[in-house]
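Open the model in your viewer and get ready to select as you read. Each stop tells you what to pick and what is there.

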There are 2 protein chains.
Amino acid sequence: MKVGIIGAGAVGLLYAFYLSNKHDVTIYTRRKEQANAINEKGITLNLGNQQWNENVRAVQFDAGDFEEDILLVAVKQYHLDHVLPHLKKNAEEKIDLLFLQNGMGHINKIRHLPQKNISLGVVEHGALKKDDTTVVHTGVGKTVISSYRGEGERINHCFQMINTNSFPFELFPDWYEMLAKKLVVNAVINPLTALYRVENGELVSNPFFYKSMEQLFHEVISVIDLEDHQHLWKYVIEICKKTGKNRSSMLRDIENSRQTEVEAIMGYLLHEAEVKNRALPLTKFLYESIKGLERKK
Amino acid sequence: MKVGIIGAGAVGLLYAFYLSNKHDVTIYTRRKEQANAINEKGITLNLGNQQWNENVRAVQFDAGDFEEDILLVAVKQYHLDHVLPHLKKNAEEKIDLLFLQNGMGHINKIRHLPQKNISLGVVEHGALKKDDTTVVHTGVGKTVISSYRGEGERINHCFQMINTNSFPFELFPDWYEMLAKKLVVNAVINPLTALYRVENGELVSNPFFYKSMEQLFHEVISVIDLEDHQHLWKYVIEICKKTGKNRSSMLRDIENSRQTEVEAIMGYLLHEAEVKNRALPLTKFLYESIKGLERKK
């Protein structure tokens, strides 16, 4: 299958590497130099002590029309506004789209795309971009995919073909539940670890952080349409424990003075709260706090 | 006048030094070694590039009865529970008391003391304890004093006698207003600077921190009986600017893994909120957050 991947950050490189095993992959980069580097060196993946390399075609994003069967959109939520106009301009009904963003801020944006078949994915892998052509697969998780509209068969088949122990995928019947669950986890773990500068596990092992996390959890789920809150709370705790030694992406972004995904996560919740006419004082506070930390001197 | 000062931290040493100029001062220390050191070397004060030394009598706190006319209680709020039983045991109506704690948590505790004359003070000086006998007067402010009950004349006179440019004092007619105003300032500036790890000035210069501070301010004043909120908000901003390069005491406590005064400040507000049956989500969150940071690994 011809697969295009838009975005060559950690996630884009990771998916380009694994999909290249069975598919004809083109990765679309923002910078010309990165495209050149990938065309020259391929993409290198580090997993544990091992290292592999795959040849992958790379093209600078602005270049032109898409000729792929499937496009994976692997840019951060806050870069979507640059990408979506191209998908409209290059409207071809036959292209199936898979969006891999965190949060839920993209839902309101992709609704207006002309493509018939759109799926959503949740990335449960840990990945770090080491340089323009190298990605470290820091945590083996899975890709969870759910159809947003139309048919998801071609995308599911594409992932089925590369389904391995180190890159498994799973189908989920309800896209809202899939994204909302991830959103709750991100909304609770990310801002707190970034604010406290702690690894995920300390949110559970420190009894005071545990309480503040619980307080935030209850506020967050009040605007999310998910049932069985008790089960969800247990799931959050489980994630904190399982990823105990991890530094969340938001913490790493703050530590490296990069833009975070706070808009896609807390911003989305505040938008929902406004629509539902509810107050989310903690979410509002954390939204401003993370924004402030992003530009802290 | 015979003046006793209980507590030989930064504030205790600072007041012992300045009061020694005109009064017969005894400083009560928790540790025997500190009392010995002060008896041997006196108290040294650094102010700007200058340095002075005063001979001061020091006694370990447990030693016995008080023979002073006036006692200044200069221990942190969270050490009051060790001190107050001694003041009851050594009940002598003739001793006038001056409490110099931050926050308002001490009010409910001193109410039950037997002494007739009790005053409250707010310390607007910056002071750092350099070692057991040396204090650095980092910021010249003033002492604001208000009578809590009985007659405050003797205490006022005691401070009037040492009233100088570098150690001025001021009387304030309403103790509640005096403490509440300081409490609001502390409740807003301290936890945020400690959480964000920023100097006071950045709460004003960073537009996102400014918003989170404003949000916290509105929550805090909702349980404090003070009028003219607009004027008070301007006062908070002014303090942030005037002390722009300062690291708040709570921030320094967190940085040095020491206990903070969060109980006296946010704990008091939460107690008031409970009595008044109000929810203070941000205050609650910050209370847990600071407690968590105190014991962060």
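**Stop 1: the two chains.** Colour chain A and chain B separately. Chain B can be laid on chain A with an RMSD of 0.0 Å. The move takes a turn of 180° and a shift of 0.0 Å along the axis. That is the relation of a two-fold axis. Keep in mind that this is a predicted model.

Where does chain B come closest to the rotation axis? Select B:Leu282.

**Stop 2: the interface.** Now show the residues where the chains touch. Chain B gives 27 residues to the contact, and chain A gives 27 residues. Of the interface residues of chain B, 100% are also interface residues in chain A, so the copies meet through the same surface.

How much area do the two chains bury between them? The value is about 2400 Å². Carbon and sulfur atoms account for 64% of it. Next, pick B:Phe208, B:Phe285 and B:Glu288. In chain B, these lose the most area to chain A. Together they make up 26% of what that side buries.

**Stop 3: H12 against H12.** Select residues 281-294 in chain A, then residues 281-294 in chain B. These are helix H12(A) and helix H12(B). Their axes are 9 Å apart, and the helices pack at an angle of about 60°. H12(A) and H12(B) are therefore oblique to each other. The crossing of H12(A) past H12(B) is right-handed.

Show the side chains at the contact. From H12(A) come A:Pro281, A:Leu282, A:Phe285 and A:Leu286. From H12(B) come B:Pro281, B:Leu282, B:Phe285 and B:Leu286. Which classes of residue make up this contact? Eight are nonpolar, none are polar and none are charged.

**Stop 4: H6 of chain A against H12 of chain B.** Keep H12(B) on screen.

Now zoom in on the side chains. On H6(A), pick A:Leu192, A:Leu195 and A:Tyr196. They meet B:Phe285, B:Ser289 and B:Leu293 in H12(B). Five residues of this contact are nonpolar, one is polar and none are charged.

**Stop 5: inside chain B.** Select residues 175-196 of chain B for helix H6(B), and residues 262-275 of chain B for helix H11(B). The two axes come within 9 Å and cross at roughly 110°. H6(B) and H11(B) are therefore roughly perpendicular to each other. Is the crossing left-handed or right-handed? H6(B) passes H11(B) in a left-handed crossing.

Finish with the residues in between. H6(B) supplies B:Leu183, B:Asn186, B:Ala187, B:Asn190 and B:Pro191. H11(B) supplies B:Ala264, B:Ile265, B:Met266, B:Tyr268 and B:Leu269. By class, the contact of H6(B) with H11(B) has eight nonpolar, two polar and no charged residues.

Key:
Residues numbered from 1 in each chain as written. Chains lettered and ligands numbered in written order. Predicted model: local features only at pLDDT ≥ 70, side-chain atom pairs only at ≥ 80, totals over all residues. Heavy atoms only, no water. Axes fitted to C-alpha atoms, helices over the stretch in contact; angles between N-to-C directions. Helix = DSSP H or I, 4+ residues; strand = E, 2+ residues; numbered from the N terminus. Parallel < 35°, antiparallel > 145°, perpendicular 65-115°, else oblique. Left-handed = near helix turned anticlockwise from the far one by under 90°. Contact = heavy atoms within 4.5 Å. Nonpolar A, V, L, I, M, F, W, Y, C, P; charged D, E, K, R; others polar. Least-squares fit on C-alpha atoms with pLDDT ≥ 70 in both. Buried area = accessible area lost by both parts, 1.4 Å probe.
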